[in-house]
Amino acid sequence: MNANTQAFQQLTPDRVVASIEQLNLPQRELLTGFCLQLASYENRVYEIEFEPGGRELRAVAKFYRPGRWSFEQVQEEHQFLQDLEDAEVPAVNSIALGQVELDASVNASLVYALFPKVGGRQPEDLDRDQLLRLGRLIGRLHTVSRLRKSIHRPRLTPDSYGVERLKILLD
């Protein structure tokens with residue numbers, strides 16, 4: 001078992017809560033200890049709860065899979081979320097970004113972010129008008145993404161995320 005896998009196995013609810021408590025949140029908000037793991041394909045995602053009077057009653061903590069993204073790549077991703085918010089594009093921006101070191105035996109750290117808990121819905125089928133609005137939203141995302149050059153984030157191209165991945169599968 002590699003260090004990255006061990007790092008995720010060490011991520012327990014008490015470590016999640018302790019990591020969130022390390023963030024420099026305004027007014028040193030207190031957590032209730034509630035920590036519910038949510039479904040996620042690649043990362044570890046938890047719903048947590050603040051005591052009444054905090055920023056929000058519930059928030060979502062996302063721990064990125066180690067070895068997949070560097071801290072710099074995640075920072076750029078969160079800068080992009082801020083750019084979207086500044087351009088009034090509907091996206092959920094993070095509250096804080098952090099990194100937690102794990103036991104020395106694992107020699108790994110986890111990058112994590114705290115987000116406000118935001119409700120949403122998944123429509124059954126999109127009609128023509130909804131598809132047009134979705135297309136416009138994707139266009140706005142691309143427009144905002146061109147405003148700032150990414151140094152660390154990988155560029156998504158047909159070759160990098162198509163041809164290269166297909167070659168790996170075929171090999």
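A residue is called buried when its relative accessible area is under 20%, exposed when that area is over 50%, and partly exposed in between, as computed with a 1.4 Å probe on protein chains only. The structure is a predicted model, in which local features need pLDDT of at least 70 and side-chain atom pairs count only at pLDDT 80 or more, while totals for chains, interfaces and linings use all residues. Residues are numbered from 1 along each chain as its sequence is written, and side-chain values use heavy atoms, with hydrogens and water left out.

Asp83 has a relative accessibility of 11% and therefore counts as buried. Asp83 belongs to helix H3, residues 71–86; helices (H or I, at least four residues) and strands (E, at least two) are DSSP runs numbered from the N terminus. Apart from neighbours within four places in sequence, Asp83 is in contact (heavy atoms within 4.5 Å) with Val144 and Arg148.

Ile48, in strand S2 (residues 44–50), is buried, with a relative accessible area of 0%. When residues up to four places away in sequence are not counted, Ile48 touches Val16, Ile20, Leu31, Phe34, Cys35, Leu57, Arg58, Ala59 and Leu114. The C-alpha atoms of Ile48 and Gly33 are 7.4 Å apart, and the two residues are 15 apart in sequence.

Two strands pair if DSSP finds at least two bridges between them. S2 pairs with strand S3 (residues 58–63) in the antiparallel sense over six bridges, and Glu47 has Val60 of S3 as its bridge partner. S3 is also joined to strand S5 (residues 109–116), antiparallel, by five bridges; here Val60 stands opposite Phe115.

Pockets were located on a 1 Å grid over the protein atoms alone: a pocket is an open set of points with protein on both sides within 12 Å along at least five of seven lines, and lining residues have an atom within 4 Å of a point. The largest pocket has a volume of about 750 Å³. Its lining has 21 residues, of which Ser145, Ser150, Arg153, Pro154 and Leu156 are the closest to its centre. H3 and helix H4 (128–145) each supply at least two residues of this lining.

The second largest pocket holds about 370 Å³ of space. Among its 14 lining residues, Asn43, Lys62, Tyr64, Glu77 and Phe115 are the closest to the centre. S3, H3 and S5 are the elements that give two or more residues to this lining, and H3 gives the most, with five.

Terms used. On a 1 Å grid over the protein atoms alone, a cavity is a set of points where a 1.4 Å probe fits but cannot get out, and a pocket is an open set with protein on both sides within 12 Å along at least five of seven lines; lining residues have an atom within 4 Å of a point. Grid points are joined across faces, edges and corners, and a volume is the space filled by probe spheres set on the points.
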